Structure formats: structure tokens, C-alpha cells
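The following report concerns the structure displayed below. It treats a single chain, then its contact with a partner chain, and lastly a sheet in that partner.

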Amino acid sequence: MTVKDWFEQRKELQIKRRDEKTQIDDSLGKLWIKCYSCNSQLLKKDVEENLEVCPKCGYHFRINARTRINQLFDEGTFEEMFGNITTADPLNFVDTDAYKKRIALAKAKTNMNEAVISGVGKIDGNEVAAAVMDFEFMGGSMGSVVGEKVTLAMEEALKRKIPMIAVTASGGARMQESILSLMQMAKTSCAVAKLNEAGLLYITVLTEPTFGGVTASFATIGDIIIAEKDARIGFAGRRVIEQTIRQSLPADFQTANYLMKYGQIDMISSRAELKSTISKLINLHKN
Amino acid sequence: MAILEFEKPLIEIQEKIKELKQISEASGMDVSEQIETFERQASEYKKELYANLTPSQRLQIARHSDRPTFLDYVKLITTDFIELHGDRQGTDDRAIIGGIAKIDGQSVVIVGTQKGKTTKENLIYNFGMPQPQGYRKALRLFYHANKFNLPIITLIDTPGAYPGMKAEETAQGTAIAENLKEMAKLNVPVIAVITGEGCSGGALGLAVADKVFMLEHSYYTVISPEGCASILWRDASKADVAAQALKITSEDLLDLGIIDGIINEPLGGAHCNYEEIGNSLKTTVMQAVKELKKEKPETLKQERYNKFRRMGVFCQ
């Protein structure tokens, strides 16, 4: 064994030990989580009972689409629709991994078909159509299925003449479907035009995180735009901007507060108040 | 004229022929037959070269510094162009230029992204990367066209909407989204042509049109191959592979049903013959205008909706 080999071996061993350590942390993670904001160790149960909000500092953790639906809709009223629409791989896309494999992994990880759930449900008795995105499924990216299901939800609102709610959480357009993903921006925005022409209320709720092609389409053209507390929202990613303009950005850049300051959203809502805020807005728009 | 890497062998052959001609002239030797053969071979090689370009080679043509810009096309295809400046809200973004003009006697509103050919020009036009104010200016011009029942022509050549701090402060995403939504409501024919780079939402923000055409060597994609490579491959040098995988060429997009037609470019690319590409573009666009003008506004709008409504591939 050369000295070099000995160092290599030592390094590998260290990595292995470190990995083992993290695994122990993972098992603890089932019971405990750490708040990203205040660093407190929190009992997962306490956080869950508090709508996935840190009981110490009020930081809003990301939540998946099903949890969101449970929090937002009257119990048992949400009916999922268009769940039979699933991902194809029209371009046979392969990057460092095949798109088909990535989809299969995402499905297994999230127990979801795609990055959005569409359907109809009731909010304090008001029937609404909704599309709720899930960041855990491939970063909530919008490909053909997301675009189609969001559009179908809007068309359901048109058919039933009810308000439409879109809850966004997305890194942007899905690169693996290239131009087809880009066209979903046009498709969903054209559907919003139809809602506008029919005079139907369209409320968007921008949650952590909402970026790229979703920000540049149906997310930011709501009649009312609500940002959830602690959400980061933007068009270009922070890193891309920093690389382009070669200067560091303010700490609050692209936060809900930042968007509020620059007049881009109507309001910021805490998770606890979100349902009642939407419900009030729907009632206020009734004539 | 800037020479692209893959064109070098061709240039070398042409240089050799020139040399041969000079030698024959100086020495009085008759080598015209050989020269003719060489020239024929060179021209065949040229045809073959441009017919078999890889997506990333065509990307270089689309980004060629001599490629005709929006203002070149305005000069080539319109008369009486009058530029209409500003978003009426405090800014005149120079990356998007628009105005009113006549093409073959037909009044149109023509809007497009503008790139520069030199660094100095590019600083003025921000390399063809619009700020939100550019999209708002475009929208104001679309409304103007709608009011006076004028067809809209958009010419797109942009590496994307500008990713900057000011752009975020003034809502880049919202500006693009508003255009997508409002273009769906227009009562007049809208024709979009991707003339060079059609990158992401920055391009789409001017392209919700009844007919969308691409110049032969232009590209249209959700993200630049470089951006895609650095995110998915975590390696920007994989841009060639990404360009292939993303299916960004005009033929790919026609196959996918995203565009309505391809406008052929002169051999070597649009920059090799401005007149020719100007004429081809004008013919295609005006043919579309003529056909779309026959439609009732409601039909036009519904068909525009249906066009984008159909886009997307999934299992059911």
C-alpha cells in the first residue's frame, strides 16, 4: 500500500462513518425535525398539529398537495378529478438519468401521479375548482400533465361557473419535455383569459417556492394573488441573477415580503388564515 | 463576416480555389477545367455541410453576429415604419422595439426583440433580453393594433427575458404572463416568427399567435441548451448533448406540432443573403395575414385558443 492509497482508504472510511452518522439522524428525523429558521428541535407531531408551521417562530414549512387540500377544503368535500392523466415521455429524454426513471422515482417517493392535483371542493361551503401543486414531485415542475390538469380545472370552473383557486409550488417548466412544457405556459394562461371573459373569480396562492415558467404564467395573473408567509417567489433563480449581474442580492430578495414591497401581490397570508381569507374573498365577490 | 468553426474547411477550399486562379493568371497556365471541378465540388460540399448540421452547429448560425435583426427585417419588408416608443409607465425598453408600418400596402403593427451586432449596440439593446417594461410596451402596442383592427406581426430573437434585480422588482414573470393571457383575447390576426433565438418565456411572451413560424436555423426551447446542461447534467460543457435532447430545431418543432411552418434560409444561413430571407419571410407572413383576415374575430380567438389547448403529450 502506497501512502496515497492509505490516505484514500482513510478518506473512504471517514465518508462511510459520516454516512452512518447521518443515517442515525434520519431515524431520529422521524420523530424530530429542525426548524430551518430558528434552528429549534421540534417534535414532528407538534409541527403537524400546527399546520406544518414552527410553533416556536412561526416558520412555514413546505407542505405537499394532499396536506394542503386537507387544510384548505371542508372535510371530505374535495373530489380529485383527471387523476387518470399521466406522464408520457414524448422526447425520450435522457440526461444523467432517463426521464421515465425520474418519473417512476417521483411517483414512488410521493405516492402521486404528477406534480398537481386538480378537482372540485368546498371552502366554507363555497364550491370551487382547484389545482394544487406539489413541490415534492420533480420540484413541482410543469410539463404536459401539469399544464393539462391546471387547464382542465379551469375549464371545470367555467363549466360549473364557480371560482378557480390555483395553489402553486414549482421550480418552473419541466426541462425534460422541452418546448411542450413551454407551451403549457401559453395553454394555462389562455385558459385564464377564458375565466376572465366569463367573469369568474380566479385566486392564486403562491407558496414556497414558485419560480420560472409557473411564475411567468398562471400563477401571477390571478384576479387576487395571495402569497403564503415565508414563500419565495420569482422569475429567475437567485443564482442565475447573481451570476448575471455579478453582485450579491438583498437577503429578502424574492420573499413574499419583497414581492409585497414591490406591489406584485395583493396580500401575504399565514397558513392558519389562508382558508378564511379565501372564503372571505369568495363571499365578497358575490353580488 | 464572422466565420463559424464548422465552416472552416469550406473556407479553406474556397481560398485554395482563389489561389489556384491567381496562379493560373500569373503563369498563363490553363487550369480552368480543374478550377471548375473544384468549384463544383466545393458547392456540393457546401450543400451537404449545411444539410447535415448538428443542432448545436445550427445554434451557432441562429446566434451569428451578422444575423439580420428586427430592425433589419423592418427595413427589408416594410415601408413607412414609424416606431412607437415606451410602455407609458416610465420606461422605453430598447430590447423590444415596435411600431406601425405597411407591408405590401397592408398596415400592420410590428413588434420584436432587437439584438445588436456590435458590443456597443448590444449594450443599447441589452443583447435582446427584455425587461418587464419591454413586454408591457409590446402589450400596449398589441392593444393599439386591436383598437385599430391591424394585424400584428412579432419577430422573436432573444436569449431570454433578462434575469436581473430590477426585472424581479418590477415583476418579470407577471409581465410575461399578462402578455400570454392578453394575447389570447386579441381580435386581430397575430403572426409570430422566431427569427433567431426563441428562448423560454422571454420568447413566448410575444408568441401566443394564430400562426407561429420559424426560420430554418432558428431554435425554440424551454431553456437554453447551456442552462439545461448546467442544471440537468451539472456541466455546462454538455450543451451539445442538451441541444440534441431538447429537440430545438425548426424541423423538430414542426414534427411536434408546435409551429405552423418553416421559412427556408439562404444557403449558409440568413446572414448570407438579407434580400432573400427578407422576401421569404414577407411572403410567408403576408400569406398568413391574408388568410387570417378572412376569419371573424370570434373564430380567430377560438382557434387560437384551440391551437394552444391541444399542445402537450400525455397518457390517458
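## Fold, interface and sheet

Among contacts in chain B between residues at least 6 apart in sequence, 71% join residues at least 24 apart; two residues are in contact if their C-beta atoms, placed from the backbone, lie within 7 Å. This is a predicted model, in which local features need pLDDT of at least 70 and side-chain atom pairs count only at pLDDT 80 or more, whereas totals for chains, interfaces and linings use all residues. Residues are numbered from 1 along each chain as its sequence is written, and chains are lettered from A and ligands numbered from 1 in the order in which they are written.

Chain B has 14 helices and nine strands; helices (H or I, at least four residues) and strands (E, at least two) are DSSP runs, numbered from the N terminus. The radius of gyration of chain B, 21 Å, is close to the 20 Å that the globule rule gives for 316 residues, so chain B is as compact as a globular protein of that length. The radius is taken over C-alpha atoms, and the rule is 2.2 Å times the number of residues to the power 0.38. Along the principal axes, the C-alpha atoms of chain B fill a box of roughly 70 × 50 × 45 Å.

At the interface, 45 residues of chain B are in contact with 48 residues of chain A. On the side of chain B that touches chain A, the largest share, eight residues, comes from α8(B). The residues of that side divide by class as tabulated; Ala, Val, Leu, Ile, Met, Phe, Trp, Tyr, Cys and Pro count as nonpolar, Asp, Glu, Lys and Arg as charged, and the others, Gly among them, as polar.

| Class, side of chain B touching chain A | Number |
|---|---|
| Nonpolar | 29 residues |
| Polar | nine residues |

The bridge partner of A:Thr86 in β9(B) is B:Cys315.

Within chain A, an open sheet of seven strands has the order β3-β5-β6-β7-β8-β9-β10, with mixed pairing; two strands pair if DSSP finds at least two bridges between them. Its edge strands, β3 (79-81) and β10 (267-269) of chain A, each pair on one side only. Three bridges join β3(A) to β5 (residues 116-123) of chain A, and the two run antiparallel. In β5(A), A:Ser118 is the bridge partner of A:Met81.
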